[in-house]
Amino acid sequence: MSIGKVLRILLTVFALLTFEELCMADKISIVIENINKNRIDFELTNGLKVVLFNVNDAKTINTTIGFNAGSLYENKPGLAYLTAQSLVFKNKKYKMLEIPQIIESLGGSITTSAGHDISTITVKALYEDTETVLLKVLDILNGFEVDNEVLNILKPNIISEIKVKDDDAWDFTRKTFLKEIYGDHPYGREPEGDERGILSITPDDIMTFFRNLYTPDNAVLVVVGKMNTNNLKKFIEEHFSKWTGKKKPMSAPEIRTKKDKKEVRINKNLKQSTIRLGHLSTNIKDKNSMELKILNFILGGGGFGSRLMERIREKEGLAYGVFSNFYIERTLNGYFFVGTQTENKNVSRTIDIITNEIKKIIEEGITDKELEDTKNFSKGSLLLGMESFSTIASFLVSEKMFGLDKNYFIKDIQKISVIKKEDIQRVAREYIDINNLTIVIVGGE
């Protein structure tokens with residue numbers, strides 16, 4: 001049975017069964033059993049972790065290799081990002097940009113990225129080109145080199161990206177908010193860094209960062225799509241076992257917890273003000289992560305069905321949109337926030353409504369209908385999202401990189417069914433501190 005069919009069956013099961021019926025039928029264990037039949041996990045002698053996820057009726061594959069090499073581990077702002085962007089340009093074995101050109105000639109694509117925690121190389125291609133693609137990824141890792149010719153191409157582009165974001169009110173407010181809650185910690189800046197940091201980075205900086213962190217014992221290789229898993233396993237063992245290198249021991253800098261309410265106003269000649277308020281929160285391994293997702297959906301993450309949208313847009317007409325999130329999918333503590341834009345004259349009123357709606361959930365909890373509607377939506381959205389190979393690959397990389405339970409993305413769906421109203425009110429009280437909000441306002445007087 002293909003993974004796509006398994007997920008569609010699971011969606012139907014959850015839509016029809018109560019939790020008690022689900023326990024009796026033990027449907028989740030059947031689904032996990034089917035997934036495990038299509039999944040192989042193994043580790044090479046050099047420390048590389050590998051996950052192969054077969055989808056029988058697919059025609060393509062998604063190959064992603066992830067590294068604990070995000071900006072959390074850099075010593076210059078933008079170093080992780082610039083390193084990731086450099087990977088496909090020069091190589092000891094190939095001409096300038098020849099590797100991405102080869103992949104594109106096969107009808108595939110290659111992208112590289114660096115976030116705060118993880119950096120990735122991702123290739124999408126036809127399944128018959130799987131081995132070719134994997135060898136090209138291995139060539140990148142074994143033959144990467146960088147010089148000022150490459151940096152002279154990339155640096156102006158990245159600096160331009162930074163300036164464009166600074167000119168956007170949403171991005172500028174987010175950047176200011178992160179700086180206020182994290183201070184000088186790497187989480188307090190965008191992975192792209194800043195202009196001064198980018199200009200200071202040398203080829204030696206990049207090669208040192210690459211040699212220290214782009215190593216097999218600091219990586220996980222995930223392949224999702226059509227494959228003969230046994231044959232592909234042998235191929236990877238034969239070729240990727242020759243990849244050498246040892247991660248340099250590095251520890252992530254600590255986050256200094258701040259316990260004070262703060263309001264920051266930045267005046268710009270704008271008709272509207274952009275507001276972001278919130279504080280530090282927890283991380284991806286928190287046992288209450290699913291409760292927080294449901295809380296967030298009801299508060300401001302559920303679009304037009306959320307409390308904040310209904311009150312601020314529909315009833316009061318103060319903003320076109322408002323949203324919230326517990327941004328916690330990271331190694332260290334993430335954050336909770338609410339963001340919106342409103343006319344300058346309505347800033348104080350809008351902030352009061354946001355804080356009052358938060359207080360209301362903390363003090364009164366949620367309704368049965370809110371919980372049920374959110375559960376149904378969450379189950380469906382999680383399952384539908386997993387029909388994308390990119391999403392499945394992302395889940396598997398996160399599972400390995402963050403040390404999560406095997407198949408946590410399915411177990412999360414199972415957990416939704418047992419969550420009660422009292423659980424949502426409890427986490428609202430425990431994870432939102434209304435007296436410890438950092439409020440950033442960017443706009444006119």
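Analyst: This is a predicted model. Of the 445 residues in the chain, 56% count as buried. The accessible surface comes to about 20200 Å², and carbon and sulfur atoms make up 48% of that surface.

User: What radius of gyration would a compact globule of 445 residues have, and what is the value for this chain?

Analyst: A compact globule with 445 residues would have a radius of gyration near 22 Å; the chain has 23 Å, so the two agree. Along its principal axes, the C-alpha trace spans about 60 × 60 × 35 Å. In terms of secondary structure, the chain comes to 18 helices and 13 strands.

User: Which share of the contacts between residues at least 6 apart in sequence joins residues at least 24 apart?

Analyst: That share is 82%. As for charge, the mean positions of the 62 positive and 61 negative charges lie 1 Å apart.

User: How should I approach the nonpolar core?

Analyst: In soluble globular proteins, nonpolar side chains tend to be buried together. Here the largest nonpolar core has 72 residues, and Ile65 and Ile236 have the most contacts inside it. Another core, of 38 residues, lies apart from it and includes Ile298, Ala319, Ala428 and Tyr431.

User: Which residues does Ile65 contact, leaving aside its neighbours within four places in sequence?

Analyst: The contacts of Ile65 are Leu48, Ser119, Thr120, Ile121, Val137, Leu141, Ala219, Val220, Leu221 and Trp243.

User: How many residues of α4 are buried, and what do they pack against?

Analyst: Seven of the eight residues of α4 are buried, and the helix is mostly covered. They are Leu79, Ala80, Tyr81, Leu82, Thr83, Ala84 and Ser86. Their packing partners are β4, β5 (109-114), β7, α7 and α10.

User: Is Thr355 buried or exposed?

Analyst: Thr355 counts as buried because its relative accessibility is 12%, and the cut-off for burial is under 20%. Thr355 is placed in helix α14 (residues 347-364). Not counting residues up to four places away in sequence, Thr355 touches Ile434 and Leu437. The C-alpha atoms of Thr355 and Leu308 are separated by 10.0 Å, with the two residues 47 apart along the chain.

User: How should I read the backbone angle phi?

Analyst: Most residues other than glycine have a negative phi. Leu97 has a positive phi of about 60° although it is not a glycine. Asn407 likewise has a positive phi, near 60°.

User: Where do Leu97 and Asn407 lie?

Analyst: Leu97 is in the loop between β4 (90-91) and α5 (98-105). With 29% relative accessibility, Leu97 counts as partly exposed. Asn407 lies in the loop between α16 (389-401) and α17 (408-416). Asn407 is buried, having a relative accessible area of 2%.

Technical notes: Residues numbered from 1 in each chain as written. Predicted model: local features only at pLDDT ≥ 70, side-chain atom pairs only at ≥ 80, totals over all residues. Heavy atoms only, no water. Core = buried A, V, L, I, M, F, W, Y, C linked by side-chain atoms within 4.5 Å. Buried < 20%, exposed > 50% of the residue type's maximum accessible area, 1.4 Å probe, protein only. Contact = heavy atoms within 4.5 Å. Helix = DSSP H or I, 4+ residues; strand = E, 2+ residues; numbered from the N terminus. Rg over C-alpha atoms; globule rule 2.2 N^0.38 Å. Areas by Shrake-Rupley, 256 points an atom, 1.4 Å probe, with all protein chains shown as cover. Lys, Arg positive; Asp, Glu negative; His and termini not counted. Charge placed at Lys NZ, Arg CZ, Asp CG, Glu CD.
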